[in-house]
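Here are my notes for a first read of this model. Have it open beside you and take the points in order.

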Amino acid sequence: MKQSKTFIPTLKEVPSDAVVTSHVLMLRSGMIRPLGAGIYSFLPSGYRVVRKISQIIREEMDAIGGQEFHLPALNPREIWEETNRVEAFGDNLFHLKNRDYVLAPTHEEIITFHARKVVSSYKDLPQIWYQIQTKFRNEPRPRSGVIRGRQFLMKDSYSLDSSYENLNLSYELHDKAYRKIFDRCGLKYFVVGASSGAMGGTGSEEFMIKSEAGEDTVAYCEACGYAANVEVANSRVNPKERDSESKLVYEISTPNVKSIDELCTFLNIDESQCAKSRIYISDNKPVLVLMLGNDEVNETKLEKILGNVRPAHPDELKEITGADAGSIGPVAFNGKIIVDLRLKNSNNMFSGANKNDYHIGGIDFQRDVVNHEYHDLRIIKAGEGCPKCEKNLEVFSAIELGHIFKLGTKYSDAMGALFLDESGKEHPIVMGSYGIGVERVMACFIEQHHDEKGIKWNKLLAPFDIHLIALNMKNELIAKTAEEIYNNLKQSGFEVLFDDRIDAGAGFKFNDADLIGLPLQVIVGEKKLKENKVEVKNRQTNERVDVELSSLIEYLVRSKE
Ligand code: ATP
Ligand code: MG
């Protein structure tokens, strides 16, 4: 393609609203333009990359027996009501003014709708159905370019099976396909155990890249490879040891003492002697959650035990406990109490007295706290022990490329998608759901492959194979030679971007080429042409070599392999 006739509007300056590297480089290299918050248009060179990633995904999905669908983005709302997910998605779901319709944020319901109609017997199973299609989510803070769009392209696939054993096989197939996809895309990724969130289900893993721009936080053990989203991560931490003697409970006046740190200073004690209280509302009832010292509550872990919860509002606390935040505690608390494992059976602890400006000491959980149960509820911290080996955990930000879920029968139960087994007995279809964000893969590749000048595409994702740069199109020999090279390269099957712009100077062209970042640049300039040579620059290494004109095609064909 001739650059003089192609719309690749590169930018010299960094756009002011872009902070994440991939966002900056996609704007600057002329691949995308914003249309609104979290809404992007893909321009021709950007869309070429989208198509290449989609094709890699398509090939690997076909290789595991996937069948490509194209489902509507416009969905009757009543189908979403069948699984209660209009409520579960809340403000994240785009409703139309015509309240009968929603814009689909994912397609479990629609797949289940079709499965309900067409699958009747175990003989119809297994199935893997997939599509590469636009999704809509009203993301509250879209700020990382296409990494978090309000409209984005997702490969979503769904497995339909007759048993959990068979679901495991479909899940394994997807796991393998995902590894191939991300390997072919040239991404350095890792896989973490994850929470299933609003999707429901029995098991799930996320494919992640390490990145400062990430909104997920993961725990990772370099030594044994343990990796988990902090939402579900565990660590090796010491429990509070039980003192040999339990003191009696006693009340202490603690004026204006609210936080654990203030309590420690006031009483000259260690935070490991304190039980911190948090009140949550679950099923319209209050639940008191107790943590050791300054440990934080992991709400994902809590929701695994209680279902949906929310923190109690400050004005609810007094009514529930008789005190405000900072003075709440387990003794004589009227309601369910859930205690973190680190506090198991501890004694001689300090906590709030359910009376403003008072605390209680000498608390023995076995003796003084009624109606409680123990669970792992902590948010783990960097440097804590790995749960799988003797080493310690790192904690860092990451971006999720893809997610695989074992859904089980959540959707088939809710929507009545049933099949008959060999003996004619009816069962719900056992389902899995598997997503990859196509534009997010593209942005993540750029996060991992760039330098200060621009992007460094690999051969498979690059919008074009070769950037042919004629340094001075006003020079007849350069123009003629470049044109010949262009035609020869095209004939040899290369996708070529030919910088044939007449008025652009050499420096400008070099900067644009490094910014756009095609794997190879073929530079046609006066000096080298005198020796019948051109320069070939490898954008990965930024190395340049002189190549004889007569062997150029052969050289480039070889470097493509
Ligand atoms: P996140 O936690 O980042 O919001 P998610 O858990 O909501 O992701 P899924 O519902 O599992 O994501 O969607 C499957 C894939 O779709 C994700 O792994 C991600 O690659 C992509 N994706 C999800 N939300 C967006 C978005 N707003 N913009 C671009 N891609 C997205
Ligand atoms: Mg999301």
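1. To start with, what is the order of the strands in the open sheet of three strands? The order is S4-S6-S5, with antiparallel pairing. Strand S4 (74-76) and strand S5 (94-95) are the edge strands, each pairing on one side only. Helices and strands here are DSSP runs numbered from the N terminus (H or I, at least four residues, for helices; E, at least two, for strands). Two strands count as paired if DSSP finds at least two bridges between them.

2. A word on the ground rules: this is a predicted model, where local features need pLDDT of at least 70 and side-chain atom pairs count only at pLDDT 80 or more, while totals for chains, interfaces and linings use all residues. Residues are numbered from 1 along each chain as its sequence is written, chains are lettered from A and ligands numbered from 1 in the order in which they are written, and side-chain values use heavy atoms, with hydrogens and water left out.

3. S5 and strand S6 (residues 101-103) run antiparallel and are joined by two bridges. Look for phenylalanine 94, whose bridge partner in S6 is leucine 103.

4. Next, the hairpin of S1 and S2. Strand S1 (residues 32-36) pairs with strand S2 (residues 39-42) in the antiparallel sense, over four bridges. Arginine 33 has serine 41 as its bridge partner in S2. Two residues sit between the strands, and glycine 38 takes a positive phi near 75° in this hairpin.

5. Arginine 278 stands opposite valine 289 in S15.

6. Two backbone details deserve a look. Leucine 125 and proline 126 are joined by a cis peptide bond, with omega about 0°; proline 126 is in the loop between helix H5 (108-118) and strand S7 (127-136). Alanine 332 is not a glycine, yet has a positive phi of about 65°, and lies in the loop between H9 and strand S17 (336-340).

7. Finally, which residues come nearest to ligand 1? Of the 16 residues around ligand 1 (a heavy atom within 4 Å), they are Glu139, Arg148, Gly149, Glu400 and Leu401. As for polar contacts (N or O atoms within 3.5 Å), the side chains of arginine 137 and arginine 440 each place an N or O atom 2.9 Å from an oxygen atom of ligand 1. A backbone N or O atom of glycine 437 is 3.0 Å from an oxygen atom of ligand 1. The protein covers 87% of the 590 Å² of accessible area that ligand 1 has on its own (Shrake-Rupley method, 1.4 Å probe). S21 gives the most to the shell, with four residues.

Definitions and conventions
A polar contact is a pair of N or O atoms within 3.5 Å; within protein, one must be able to donate a hydrogen and the other to accept it, and residues adjacent in sequence count only if both atoms are side-chain atoms.
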